[in-house]
Amino acid sequence: MKNIVIVGSNATGWTTALFLAKNLQDLNVKVSLVDCQKVEECKASSSVPSSNVLYQSLGIDLKELMIATHATFNLGAHYNDWNDLNDAFVVPYRQQGFTKGIFDFQQLFIKSQQLGNISNLNEYSLAAMTAKLGKFAFPNFENNSILSTLAFGLNFDNEKYSDFLESKAKSCGVKKYTVNINGVSQNNKGSIEKLLGNNDFDIHGDFFIDCSGEQRLLIGQLANDEFEEVITNNAYDKMLFATFDNKNEIKNACVEFMPHSFGYIRTTPLQGRKEVVYAYSSQFLNDDEAKKELLSHGGKLIGAVSKKNINSVNRERFWINNCLALGESAANIEPLEIGNIQFLQNALDRFMKLYPNKNDFTNAEQYNRLTVAEYALVSDYHKLPFVLNKRSDSEFWKSCRTLLISNSLQHAIELFKSYGRQPVYDESLIEKHRWVSAFIGFGIKSSNYHPLVDMLDESEMSNQLLQIKTQVTQAVNSLPNHDAFIQRFCLSSYN
Amino acid sequence: MNKSNTQTSFKVVIVGGGTAGWMAAAALSRYLGSSKYSIKLIESDQIGTIGVGEATIPGIRDFNNKLGIDENEFMRATNATYKLGIEFVNWTKVGESYIHPFSYLGHEMNGVSFQHYWVKQRQLGNKNPISDYSIGYKAALDNKFAHPNNDPNSVLSNYFYAFHFDASLYAQYLRRLSCQAGVERVEGKVVDVKLNDGSGFIDYVKLENGSIVDGDLFIDCSGFRGLLIEQALKTGYIDWSHWLPCDRAVAVQTESVEEAIPYTKSIARDAGWQWQIPLQNRVGNGYVYCSKYVNDERAKATLMSSLQGKPINEPRVIRFNTGKRKKLWNKNCIAIGLSSGFLEPLESTSIHLIQTSIMKLITHFPDRSFSQIDIDDYNQQMDRQFDQVKNFLILHYKTTQRIDTPFWQYCKAMSIPDELAYRIDLFLKTGHIAECDKEIFVNENWLAVLLGQNLIPKNYHPRADCIEKSQLSGILNQMKSIISQSVSAMPSHIETINKFCKSTN
C-alpha cells in the first residue's frame with residue numbers, strides 16, 4: 001500500500017492523518033486528506049489519560065497543545081444532582097481507595113457503610129476530591145506519593161484541536177485537497193478505486209479512511225446503509241449544543257453531567273469558554289423549549305446553537321474491503337463519559353496492529369469483531385446513568401428505568417448488588433475500577449460484602465479507611481487551584 | 001441454611017485428599033484462618049489417589065507464594081525438578097519435534113510482534129528456527145537452568161519456569177501445612193451423602209464407621225466419580241470426547257538413567273501420546289490413548305517397550321472421559337480437580353485448573369445464603385478457563401500432518417470449535433493471534449504451539465518492513481548470539497538442583 005486517502009477535515013481526520021504519517025513514515029506511504037462538506041460537531045471534546053501517551057508518541061508537547069486549544073485539565077466525570085439534589089460524585093480515571101490483600105477496596109467500603117460510615121466513596125480518592133474542589137496537580141510517581149493516584153485527560157476546543165493537528169500533520173508531509181466528492185468508483189471486488197471529484201478531478205488511493213462523520217460518504221457506499229436499522233433504545237434522541245462565555249467561573253478539572261427533566265446537560269470547561277450540550281428526548285420536549293432550557297444554563301452565548309440527532313445503529317462492519325470508517329462515520333457516540341477520542345485511539349491502535357497487506361483484507365474481520373465487542377461494552381456502560389436512576393420528577397426518568405439492557409449488563413448489576421463483586425471484563429476501554437465507581441456513584445447498594453472481610457478486625461478496618469481519607473484531605477488541601485495552575489502552565493485566551 | 005445462625009463457625013468439608021483436596025485445604029486454611037471458619041478434610045487411606053499432573057505450568061509458583069511456601073524446601077520435599085517447557089515429539093510428523101517453552105519468542109519491535117519479523121526473515125531465505133530467539137527454549141535444549149531475574153533489560157528476564165514433582169509428596173507437604181494451620185483431617189470413607197429435603201443442598205456426609213460430618217460448604221475432590229457433585233447432586237457432564245478422543249492412560253514409574261532434563265516430554269504414539277516427566281529420583285511415564293484404536297494390552301506393551309529405565313512399580317490403567325461437569329459449583333458443593341472434569345494432561349493444566357478453581361472460590365467465597373448470582377459468575381468464569389484449555393489442546397491434535405494411523409487420521413479430519421478454527425485461519429493468513437483470555441494461556445503460548453505445529457503464516461505485518469533487510473538480519477543475529485551466550489553461561493539443570501534443592505530422600 002502506497003497511498004492512503006482520508007476523507008474529512010476535522011479532529012478525527014487530522015488525528016488519523018498525523019497518526020498514520022508518523023507510524024508509516026518508514027514505509028514510504030503517502031497520506032493525504034480530502035476536505036468534504038462539514039457536519040455539525042460538538043465544540044469541545046475530552047481526551048483521557050492514555051491520550052497523553054499518544055501525544056508523546058506523535059511528538060506533541062502538552063503545553064503547546066493546551067495553549068493552542070484553550071484546554072483545561074480533566075480528572076473525570078462529575079455527576080451533579082444525579083441521584084438526588086445535592087448529591088454529587090466524580091468517576092475518576094483511577095481506582096478510588098486502596099487496600100492490600102485479596103479484596104477490592106469497595107468490599108471494605110461496603111462493610112463500613114453498613115457499620116454506619118457516612119463518607120462517600122469520593123472521599124477516599126484524591127482525583128475525585130481534586131476535581132470536586134476545583135484543584136489540580138500533575139501526578140507524581142516518586143516516593144509512593146499519593147499524587148500517583150491522579151491521572152488526567154484534557155478538555156479542548158474541538159476546532160482549535162483540529163487546526164493544531166492539521167498543522168502537525170502537514171509538517172509530516174500530509175497533503176490536503178479540497179474537493180467536492182460526488183461519489184466513489186469501485187472495482188469488481190467492491191474496493192474503492194477512486195473518489196470522484198468535480199471537473200474530472202479524481203482522487204486515487206490504495207486504502208480509504210472515512211472520517212466524514214455521519215454522512216458516511218465512503219463507507220455508506222460499501223455498507224448498504226439503506227438496510228440498516230436504527231435502534232431507538234436510547235432514552236434521548238436529540239441534542240443541542242452551544243458555546244458560552246466562561247471568563248468568571250471557577251473551572252473544575254472535569255466534565256460535568258447534570259440531569260434535567262427530559263434529558264441531561266453536559267458542560268465542558270475551556271479556557272474562557274464552556275460548551276454546553278443538552279441531550280433530550282423529543283418525545284417529551286420540543287426543540288424550542290429545549291433551546292430555552294439550554295440557554296438558561298449558559299450565560300453569554302457565543303455563536304449559534306447547533307442541533308443533532310442521536311441515532312444508534314447496530315453495525316457489524318467498520319472496515320469493508322479497502323475502506324475503514326472512523327469517528328462518527330463508524331458510530332454515533334452519545335455525549336457521555338466515553339467519548340470519540342477514546343474510541344479513535346483504540347481504533348487507530350487496532351488498525352495499526354492489523355494493518356493490511358495490499359489487496360488482502362483478511363484482517364478486517366478481526367478488526368470488526370473487536371470493534372463490535374468494544375461498542376457493546378461501552379453501550380452497556382452508558383446505560384448505567386439511566387437504568388439505575390431513582391428520579392421520580394418526570395415520565396422521562398421513569399421510562400429510563402425500563403430501557404432494555406443486555407444480559408451481560410444485567411448480570412454485572414445483579415452481581416454487584418449481591419456482594420459487590422464484578423465479572424471479568426475486557427478492560428481496554430473501561431477499567432474495572434470505573435465500573436465500581438459508576439455502580440456506587442449511581443446508587444447501587446450492595447446488600448452484602450465479601451464474607452472474608454469479617455476476618456479483618458473492625459477497628460483496624462475503620463482505621464485503614466480513616467487513614468486514607470485523612471491522607472486524601474491533607475493532600476488535596478495543599479494543591480493549587482485548577483485556574484491558577486492553568487494560568488501558570490498554559491494560559492491562552494480567545495481574543 | 002439459616003442466615004441468623006452465625007454464632008457457630010462456617011464449616012467447610014473437603015471430600016478427598018489427593019492433590020486437589022490438599023491444595024484446597026492449604027489455600028483455604030491460609031485465607032480462612034479464624035474461629036469463624038472450620039475446615040475438615042475427609043480421606044481414606046484405603047483409597048489411592050490418581051496423583052494427576054506431576055508436571056505444572058508457571059502459575060504454580062504464584063500459588064505456592066500465596067501459601068508462603070519456600071520454593072527450595074518444597075522442591076526438596078517433593079523430589080522436584082525445574083521445568084522450562086514441554087517437548088512435543090512426532091506430533092506434526094514422525095521424526096519432528098518442537099518445544100513449547102515458558103518463554104518469550106523474540107521481542108516486539110516498533111509495536112509489531114516478533115513472529116512477523118521471523119516470517120519475513122524466513123521468506124528472505126533465512127531458515128533459523130524460532131528457538132534461536134527464545135532463551136527458555138535454548139536453555140531447555142541444552143539441559144541448562146538458572147533462575148530468571150526481574151531486570152527488564154536483561155534477557156534473563158524473558159522466561160518463566162514451573163516444576164515436575166511427585167504429586168503425592170506434594171499432597172503430603174500441603175497436608176502438613178494445612179494441619180499446622182488448623183485443618184482437621186478425618187480418616188474414613190464416605191458411604192452416603194444426605195441432601196436436604198427442601199433445598200437439595202448437602203446436609204452431611206456419612207462415613208463407613210457410621211459417623212456423620214456436617215457442613216455448610218462441601219468441596220468435592222473425590223476424583224473422577226464425583227461422589228458429591230455427580231453421584232449425589234446429579235449435576236451432569238458435558239462430553240468432549242469427539243474433540244479429545246483419548247479415554248485411557250497407562251502409567252508406570254521408572255528409575256532414572258540419565259540426568260533429569262528441564263522439560264516434560266510428550267511423544268506422539270500410534271493411538272495417543274506418551275509422557276515422560278523427570279523427577280530427581282525417578283521418571284514418570286504414561287501412555288494416553290484412545291481405546292477405540294488400541295486395547296489395554298497393546299497400549300501397555302507399547303509403553304513398556306519404550307521405557308528407558310527399569311520400571312519400579314506395576315503399570316496401572318486409568319480410564320477417563322474428557323469433558324467437564326455441567327456446573328462446577330452446584331448448590332453448596334464445588335467440584336475441584338478430577339471431579340470437575342478432565343482434560344488430558346498434554347499441557348500440564350490439571351493442577352493449574354485446580355489452583356484457578358481454588359483462587360476463584362476465595363474471591364467468590366459464599367456465606368450461608370449461597371447467592372445464586374455469585375455462583376453463576378463463578379461457573380461462567382471457570383467455564384471460560386476450561387474452554388480455553390480445551391481449544392488449546394485440540395490445536396495439538398487437529399494440526400497434525402500424520403495420516404499413518406487411523407487415530408491420527410481421525411484427529412486430522414475431525415471438526416473443531418469455530419473459535420479455534422478462526423484462530424488457526426487468522427494466524428495462517430496474517431500471522432496475528434486472535435485475542436484470548438489472559439488468565440491461562442497468553443499469545444506466546446499460542447504462538448509457540450502454532451509455529452511448533454508447523455503452521456507458518458503466509459504473510460507478515462507490512463510494518464515489519466519499516467526495518468530494512470540488512471538491519472533486521474543484524475538485529476536477529478545479535479539476539480541469537482546474546483541468547484546463545486547467556487545460555488552457555490548458565491549452569492546445568494542438575495547443578496542448579498544440587499545447589500538449591502537437592503532432595504535428601
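Across all chains, the count comes to 43 salt bridges. The model is predicted.

| Salt bridge | Closest N to O distance |
|---|---|
| A:Lys38 with A:Asp35 | 3.7 Å |
| B:Arg325 with B:Glu230 | 2.8 Å |

**Pairs in chain A.** A:Lys38 is exposed, at 58% relative accessible area. A:Glu374 sits in helix H10 of chain A and A:Arg350 in helix H9 (residues 340–353) of chain A, so the bridge ties together parts 24 residues apart in sequence. Both A:Glu374 and A:Arg350 are buried.

**Chain B.** B:Arg325 pairs with B:Glu230 at 2.8 Å. B:Arg325 belongs to strand E18 (residues 323–325) of chain B and B:Glu230 to helix H7 (residues 227–232) of chain B, so this pair ties together parts 95 residues apart in sequence. B:Arg325 is buried, with a relative accessible area of 4%. A network of salt bridges links B:Glu43, B:Asp45, B:Arg175, B:Arg185 and B:Glu187.

**Helix H12 of chain A.** Helix H12 (residues 407–419) has 13 residues. From first C-alpha to last it reaches 19 Å, close to the expected 18 Å. Its buried residues include A:Leu409, A:Ile413, A:Leu415, A:Phe416 and A:Tyr419. Cover for the buried residues of H12(A) includes helices H4 (105–114), H10 (363–387) and H13 (432–441) of chain A, together with helix H10 (372–398) of chain B. Just after H12(A), A:Gly420 adopts a positive phi of about 70°.

Methods
Residues numbered from 1 in each chain as written. Chains lettered and ligands numbered in written order. Predicted model: local features only at pLDDT ≥ 70, side-chain atom pairs only at ≥ 80, totals over all residues. Heavy atoms only, no water. Helix = DSSP H or I, 4+ residues; strand = E, 2+ residues; numbered from the N terminus. Expected span 1.5 Å × (residues − 1). Buried < 20%, exposed > 50% of the residue type's maximum accessible area, 1.4 Å probe, protein only. Contact = heavy atoms within 4.5 Å. Salt bridge = Lys/Arg side-chain N within 4 Å of Asp/Glu carboxyl O.
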